Amino acid sequence: MPIIDDKQNPSAEWIESLRRRFPTERTVDETLTGKMRARSGPSHRPQPVEGVRERLTVFLRKRLPGEFRISGIRPLAGGSSKEQFAFRLEWRDAEGTARDETLVLRMRPAESIVETHPLREFQAMHAMRAVMPVPAVHWCDPDGAELGQPALIASFCEGITRPPREGAYTPRQGFGPKYRALLAPQFIRYFAELAKFDWRASDVSAFDPPQAGSNEGVIRAINWWERVWEEDSVESYPLMTLAARWLRENAPPIDHVSFVHRDFRGGNFLFLPDTGRITAILDWELVHLGDRHEDLAFFFSPLFSEKDENGVELMGGFYPREIFIREYERLSGLPVDPAKLAYYDVFSCWRGAINALATAPRIMMGEKTHQDIRVGWIINSAPLMLSAVRKALQGRI
Amino acid sequence: MVPDFRLRIQSMLRAMQEVVIPAIPAGERLALDQASIVVGNLKLMAEQQDKLYRYELVELREYAALVTELIDAAGGGASTEAARESLRNSAGVVTMPIPTQPELTGLTKAMKHAADTLLRAAYEDGSPEFRRAAAQLVMKQSASQITRERSWFRAAGFELEPESLPPLDELLA
């Protein structure tokens, strides 16, 4: 039974006032407005496989030139934000060649731990395939008009996200010395590629690219997340208000506009267990065009660091911080500014705390996702993120 | 109360670990993943269940102190003065009779909102002195709140050095 408070039944006036107070990118505004307008609607209910098959069939009939066959639809585990189904598709392409591929249908639930626009994800994934392994994206239903919920369809990639282990989810992957040695050099190379990739020739129509040399994009990003805090928070937390004010007053200009993944870390890529080859970088839903320091700061957050066999702290479980920065600068050809990194230490953990402290309990209250229990587990990470926010603010307030 | 929370949680853990999880086929990864998180949540609840009321009391006391200090420090324009006046009554909560758990939760929530309202007013039109003082007071209070929250959620496994956190009993004394 959903738990009701005022924010579960938002008025049209309140939604409009939030839009005015927090102007942000067009597709972000569209997504957040849609979320709020649908909030008082029904809870999420598991999608029967037959219903998924029927919608997929109608959807693909409009897009494939000839006969096709869908089989083996199954829900996928992992991930907290999107409901995913794998399925086999046999079809003939426009040249008449027989194709047989496993695909993934990635759908937004009624509300998600991160409410995002699938066209942004689709465009970024398509662009970044030029420089790193990313699942091929085939089709997108941005507003869910045909598939029931906003969704995209991508190729299924083989691989695992972490060595097998028991226990509840944590964002630490526990790669250990063997996989660390295999994965770290690939991972940092792709991290650097992300920053230096020239996106200007790509289709980025779902984004509002910020100007280099200006902080307008940073302010828009603060507006995005402060709006989410206002929409979702279940109680006040003065430190979050303080952090938002500080971020607004100290927003630095972006020197070089990059795709920023916002969740680039272990757990969000697949690798083959026998060779350690990374087969796919995943979870592009939060992507925007912004400052590479944001990705670095989020990756450096205490949530993802691990200790090696000698007790040395490794960022994201891979390298000590200074070594990571040095190698990243070498590979990307872009400098890492300590002052900007310190700014994004606050920004990234503040944003992470919004997801954990506001959105997670909010969507559980409304029973809005297929992963309520997993989303609820993320709330337990909030104190660590808040601790990092406070630590990064100390001496700067 | 029999069975108390501890016993009920213990029985739920046994059922999950000894019956439910072993019965899930290895290929059902979504079900296995969620079952593992259920076990994690139950372990966390087993550790927290007899401390919740004390936890809320400590938090209420702390926020009442923060609001009192913010009111004392407040100065500036109309928004700040209006917020200060409306919050004067909030400080009286420390002398109220012992509330029920839902009342206590509600009071703490109201106190958090009160502190946040005054902080926002400080940034809107508070005097520079008040703005600085408000920021410092919030930083100071958040230190103990965050330490307490980290210790409260320690069993969830997100901490890199959980042993470095003070015991919950010490923080709730």
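Tutor: Before we look at two helices of this predicted model, note that axes are lines fitted to C-alpha atoms, for helices over the stretch in contact, and that angles run from 0 to 180 degrees between N-to-C directions. Residues are numbered from 1 along each chain as its sequence is written, and chains are lettered from A in the order in which they are written. In this predicted model, local features need pLDDT of at least 70, side-chain atom pairs count only at pLDDT 80 or more, and totals for chains, interfaces and linings use all residues.

Student: Why are H5(A) and H9(A) called oblique to each other?

Tutor: The axes of helix H5 (residues 176–196) of chain A and helix H9 (residues 321–332) of chain A cross at roughly 55° and come within 9 Å. Angles under 35 degrees count as roughly parallel, over 145 as roughly antiparallel, 65 to 115 as roughly perpendicular and the rest as oblique, and H5(A) and H9(A) are therefore oblique.

Student: Which residues of H5(A) and H9(A) meet?

Tutor: With contact meaning C-beta atoms, placed from the backbone, within 7 Å, residues of H5(A) including Ile188(A), Phe191(A) and Ala192(A) meet residues of H9(A), among them Phe324(A), Tyr328(A) and Leu331(A).

Student: How many residues of chain B count as buried?

Tutor: Of its 173 residues, 32% count as buried, where buried asks for 20 or more other C-beta atoms within 10 Å of a residue's own, all placed from the backbone.

Student: What radius of gyration does chain B have?

Tutor: Chain B has 21 Å, whereas a compact globule of 173 residues would have a value near 16 Å, by the rule of 2.2 Å times the number of residues to the power 0.38, the radius being taken over C-alpha atoms. The C-alpha trace of chain B spans about 65 × 35 × 30 Å along its principal axes.

Terms used:
Buried ≥ 20, exposed ≤ 12 C-beta atoms within 10 Å, placed from the backbone. Helix = DSSP H or I, 4+ residues; strand = E, 2+ residues; numbered from the N terminus. Contact = placed C-beta atoms within 7 Å.
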